[in-house]
Amino acid sequence: MRPKPILSLTLLAAALAMPGIAASVGLGKLTLQSALGQPLSAQIELTGVAPDELGSVTARIADASLYRQNNLAYQGVLSRARVTMERLPNGDPILRVTTPASVVEPYLDMLVEVNWPSGRVVRAYTFLLDPPGMPAAQAVDPVMPPRAGTPRAAASAATPAAAA
């Protein structure tokens, strides 16, 4: 049986489009390694980087004008932040973000800009710095309010009236 020309052309077009998708650089999860009152130390996963492009990828904290364009507050501590590219022991590339000064703001918005020969990506990260020695936050199950008409809602509605 002979394959249909439309199916063949579709598969060919998909195969040709794949290299363009695989060559795009992406920014993944941010892992914070410092606490409030300490110099910032964080690492960001770098995804989709071809080994031959790794040497031409540059990263930095975006300038203040880009913060204004995105309606974000530019904290002064970020003006001296350094972004360096490193490799983890398993070979995965990461971006390490560090500041020489301590971060005293508990809430930080950070725009990271990555440039490479065939593109550019900017990603915003917002994170909360906990004081040192603070225990990790416990996972909490969400509490759903009772719906009207259920026995629990009727009991809770009758309780305030009885108390009055």
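Let us start with the aromatic rings: in this predicted model, the count of aromatic pairs comes to one. Its members are Tyr67 and Tyr74, whose rings sit edge-to-face, with 4.9 Å from centre to centre and 70° between the planes. Tyr67 has a relative accessibility of 0%, so it counts as buried. Tyr74, with a relative accessible area of 31%, is partly exposed.

Now step back and look at the whole chain. The protein has three helices and seven strands. Read from the N terminus, these elements follow the order α-β-β-β-α-β-β-β-β-α. Of its 164 residues, 27% count as buried. The protein exposes about 11100 Å², and carbon and sulfur atoms supply 61% of that area. Contacts across the sequence are part of the picture too: among contacts in the protein with a separation of 6 or more, 58% are between residues 24 or more positions apart.

Next, find the open sheet of four strands, which has the order E1-E2-E5-E4 and antiparallel pairing. Its edges are formed by strand E1 (26-32) and strand E4 (82-87), each of which pairs on one side only. On average, and with direction ignored, neighbouring strands of this sheet are turned by 30° against each other. Within the sheet, strand E2 (residues 39-47) and strand E5 (residues 93-102) pair in the antiparallel sense over six bridges. To see a spot where strands face each other, look for Ser41, which stands opposite Thr98 in E5.

Charged side chains are the next stop. In general, side chains of opposite charge can pair when their charged atoms come close. How many salt bridges does a search of the whole structure find? The search finds four.

One of these salt bridges involves Glu86 and Arg96, with the closest N and O atoms 2.9 Å apart. Glu86 belongs to strand E4 and Arg96 to strand E5, so the pair links distant parts of the chain, 10 residues apart. Glu86 has 31% relative accessibility and counts as partly exposed, whereas Arg96, at 18%, counts as buried. The value for Arg96 falls on the buried side because the cut-off is under 20%.

Another salt bridge joins the side chains of Glu113 and Arg60, at 3.0 Å from N to O. Since Glu113 lies in strand E6 (residues 107-116) and Arg60 in strand E3 (residues 58-61), this pair ties together parts that are 53 residues apart in sequence. Here Glu113 counts as buried at 6% relative accessibility, while Arg60 is partly exposed at 38%.

Glu113 has a further partner: its side chain also meets that of Arg120 in a salt bridge, at 3.1 Å from N to O. Arg120, at 48% relative accessibility, counts as partly exposed.

Technical notes:
Residues numbered from 1 in each chain as written. Predicted model: local features only at pLDDT ≥ 70, side-chain atom pairs only at ≥ 80, totals over all residues. Heavy atoms only, no water. Phe/Tyr/Trp six-rings, centres within 6.5 Å; stacked < 30°, edge-to-face > 60°. Buried < 20%, exposed > 50% of the residue type's maximum accessible area, 1.4 Å probe, protein only. Helix = DSSP H or I, 4+ residues; strand = E, 2+ residues; numbered from the N terminus. Contact = heavy atoms within 4.5 Å. Areas by Shrake-Rupley, 256 points an atom, 1.4 Å probe, with all protein chains shown as cover. Pairing = 2+ DSSP bridges. Axes fitted to C-alpha atoms, helices over the stretch in contact; angles between N-to-C directions.
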